[in-house]
Amino acid sequence: VTLDELRAQGFEAFYVAIGAQGGRSLGLAGEDAEGVFAGVDFLRAVSQGKGPALSGRVLVIGGGNVAIDVARTAVRQQAQTVELYCLESREEMPALEEEIAEAEGEKVAIRNGWGPKELLTENGRIRGVVFRRCTAVYDAQHRFSPVYDDNDTVTVDADWVLLSIGQSIRWGKLLEGSAVELGRGDTAKADPLTFQTAQKDVFVGGDCYSGPRFAIDAIAAGKAAVADKITGTIVKEIYVPGRIINIVCK
């Protein structure tokens, strides 16, 4: 679907909050091997009743709240053991402390200070991961700039690998022909107060504007966009799961 197609149906304004629904890749050979999943795709499949029945040893790569969700979901998918490997120290992990504690309460083993170096495959299926020690995650300006010790490595067998190292925004054809501008990480550029984009009838909010954050931030942005620009009109919100919220003004 494109915005022009929606305009042809009579929609007059749009609040786009499609989230950051895609995963990010490591850029390593073997990511397309059987048994390797992007964490968000894994969660989506499980929520739809289509998730794989896990078995054996599952490695989750990532240290944020989504990675924790992936690890805990893997436990519920009957994995025998679940281990989470991340670059950060325990104190640096972006996941909330209570989330980490609850994961450990479900027997998820947290392995801090390791980053993937190589994915090991056999006959097209994942068989293990070579990790290298991460000695620093951020530079002096606290920018993400990991430093590794390639002499300190560990090889871990794996039956499944779930990658949760960040999320990406999948716009598809939605913005084709529009004046909406994209910035860092393919986020949409918009006025920070009104959330209006360069395309005057398009407002944005949530992860596709700010980058991955919490659901409550997206909800707050939606309310602000409505309050600031559409007060006094008849507003109807239509939610198409995973795609778009249309604010229809009459």
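Reply: Start with burial. Buried means under 20% relative accessible area, exposed over 50%, partly exposed in between (1.4 Å probe, protein chains only). This is a predicted model: local features need pLDDT of at least 70, side-chain atom pairs count only at pLDDT 80 or more, and totals for chains, interfaces and linings use all residues. Residues are numbered from 1 along each chain as its sequence is written, and side-chain values use heavy atoms, without hydrogens or water.

Me: Why does threonine 73 count as buried?

Reply: Because its relative accessibility is 16%. Threonine 73 sits in helix H3; helices (H or I, at least four residues) and strands (E, at least two) are DSSP runs, numbered from the N terminus. Beyond residues up to four places away in sequence, threonine 73 touches Phe42, Leu43 and Val46. Contact means heavy atoms within 4.5 Å.

Me: How many residues has the largest nonpolar core?

Reply: First, the idea: such a core is a set of buried Ala, Val, Leu, Ile, Met, Phe, Trp, Tyr and Cys residues joined through side-chain atoms within 4.5 Å. Here the largest has 21 residues, and Val58, Val60, Val82 and Leu84 have the most contacts inside it. Helix H3 gives the most, five residues. Another core, of 17 residues, lies apart and includes Leu174 and Val202.

Me: In which sense do strands E8 and E9 pair?

Reply: Two strands pair if DSSP finds at least two bridges between them. E8 (residues 125–138) and E9 (residues 144–157) are antiparallel, over nine bridges. Arginine 133 stands opposite aspartate 149 in E9. Five residues lie between the strands of this hairpin, where histidine 142 takes a positive phi near 60 degrees.
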